[in-house]
Amino acid sequence: MLDIFPLRWFAKFQHGGIANQFFMAIMVTIPVLNFGMLMGWQSPMTPILQSPDGPAPEPITDNTISWMASITFFPSIFCGVLVGDLADRWGRKTTTMLTSLMLVISWSITLFSLRPWALITSRAVAGLACAGCYVVTPLYLKEIASDRIRGALGSLFILVQNLGYLLVYVAGDLLSFVTVMWLCTAIPVLHLLVFLTMPETPVFLVKQGKYKEARVALAWLRHTTPDDKNLEEEVQQMEREEEYARSMKKSSWKSLFQDKTTFQAFRIALSVMLSQETCGYLVVLMYAGSIFDQASQSISLKLSPNKQTIVVGAIQLIGSIVASCIVEQTGRKWLLAGTSLATGLSMLSLGAWFYVTSLSIWLPGWLPVLAMCLCIFSNAAGYQPVPYVIMSELFSFQHRGMVTSFISSVDALSDFLQTKAYDPMLKYFGIHWVFIFFSLVCFLGTFYTVLYVPETKDRSVEEIYALLEDGRQKEKRKDVENGIDKDNEMSRL
């Protein structure tokens, strides 16, 4: 019977607990799915909320819509570090459930009232969930994954978020306003109930001294028994890492800055995440409709605004699927460099098209649509998910939560400033210079990745730090050699 292809494929997929790990990863990322729905919800629902005949007591103004878009990221600026501390104190599971609870509260406020204060408050509460998603989920995925599928599981973070965008785009086009609201609310409610049965990460259980529970959780994730000899080595490795962490001084920012290699890893993680967050991708997504509208002046676009966003969401999701499929084959470094370069070229094309057409020079209207689709695809295929994978792989448990929470806060500040600054920048500089600026950010990200980002695929933290240390030693040797040459020149003089 096992010769039947589907059964043989399933048996292979189950080997090493891959199926269990993917199932666990899907459960962990459901809050991210719902947060993606919350972010995408504004696109199809804005015309409805601004309509005089809409469900809101009064038409929602553009200013309120702008605050709804930006306020979501504001609480994360201050709560990222708090969420990271909760994840280290209460566990990844409890903090993930709190994230779903914040999403339930956020959607419930909108169900209760559609007045401007309620809409903005709802998005502010969702900002707490945003901190939970961007801090805890990458940690959870890292700590449940075996080495051979670590990148694939890590890239699920962005894939599931993009799936949330697409789901709400389609639902907004097919279903009524109220039905969409109840659907969005039901998902985190169901997640709260089901996630009660999910295990905590083995790494956190070991940290708490719960070695038996850690062994049971790890055995389930690897689809084996707790007394499996192959499991023993992995458990012992966790125990050794925890003993080493306890023998060291408590992790702090001082310890991170004092160790040159750890601080170098921190600079790399912060740089790749800032490059990802400031590349203009969020602006392209939120204002894709206006790009379609301006392009439609020279080409015939028969898609409604909702259909346009569905196309954008579908391209986004396809890119994320590609990332999950190839990240283990290409490696992190070159996938990140290639997709950041492609994103930069597409941004530059958008800027060039808008600039040239502003001079009353005709260019084909399909060009900005193609450039936007390339931007969305390449971003989802690597530029968005890979930095999260790299960040989770650059640090041991001792610093991982602290660094992830801090970088999450910095990213939230970047997102808040981008969404609020886009309209003033658009009016002051023009849309062409905005996109050209974003293209420069992408090119700088590509340059930095090629020169400074190490390949983290299939490498432990110790191996990655050895690479960073070796790079510093080479630079040091080069400086010494240059110094010796200068000394020789001075002596000859």
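This is a predicted model: local features need pLDDT of at least 70, side-chain atom pairs count only at pLDDT 80 or more; totals for chains, interfaces and linings use all residues.
The residues that line the largest cavity divide into 10 nonpolar, five polar and two charged. In this classification, Ala, Val, Leu, Ile, Met, Phe, Trp, Tyr, Cys and Pro count as nonpolar, Asp, Glu, Lys and Arg as charged, and the others, Gly among them, as polar. A cavity here is a set of points, on a 1 Å grid over the protein atoms alone, where a 1.4 Å probe fits but cannot get out, and lining residues have an atom within 4 Å of a point.

Residues are numbered from 1 along each chain as its sequence is written, and side-chain values use heavy atoms, with hydrogens and water left out.

Let me return to the cavities. The structure holds four of 30 Å³ or more, and the largest contains about 190 Å³ of space. A volume is the space filled by probe spheres set on the grid points, which are joined across faces, edges and corners. Of the 17 residues lining the largest cavity, Tyr 134, Gln 161, Tyr 281, Leu 282 and Gln 384 lie nearest its centre. Two or more lining residues come from each of α2 (18-50), α7 (150-174), α13 (260-277) and α14 (281-286). Helices are DSSP runs (H or I, at least four residues), as strands are (E, at least two), numbered from the N terminus. The most is given by α7, with four residues.

The second largest cavity holds about 90 Å³. Its lining has 14 residues, and those closest to the centre are Tyr 134, Tyr 388, Ser 408, Asp 411 and Ala 412. Here α20 gives the most, with six residues. By class, this lining has eight nonpolar, three polar and three charged residues.

How many of the residues of α19 are buried? The count is nine of nine, where buried means under 20% relative accessible area, exposed over 50%, and partly exposed in between (1.4 Å probe, protein chains only). Pro 385, Tyr 388 and Glu 393 are among them.

The buried residues of α8 include Phe 177, Cys 184, Pro 188 and Phe 195. They pack against α2, α5 (92-112), α6 and α7.

Now to the cysteines. A disulfide is a covalent bond between the sulfur atoms of two cysteines, taken here as a pair of sulfur atoms within 2.5 Å. The whole structure has zero disulfides. For Cys 375, the nearest cysteine sulfur, that of Cys 279, is 6.6 Å away. Is Cys 375 buried or exposed? Cys 375 is buried, at 0% relative accessible area, whereas Cys 325 is exposed at 53%.

Cys 375 also touches Ser 346, as do Ala 371 and Leu 374, leaving aside residues up to four places away in sequence; contact means heavy atoms within 4.5 Å. Ser 346 lies in helix α17 (residues 332-358) and is buried at 1% relative accessibility.

Finally, the protein as a whole has 22 helices and zero strands. Of its 493 residues, 53% count as buried.

Technical notes: On a 1 Å grid over the protein atoms alone, a cavity is a set of points where a 1.4 Å probe fits but cannot get out, and a pocket is an open set with protein on both sides within 12 Å along at least five of seven lines; lining residues have an atom within 4 Å of a point.
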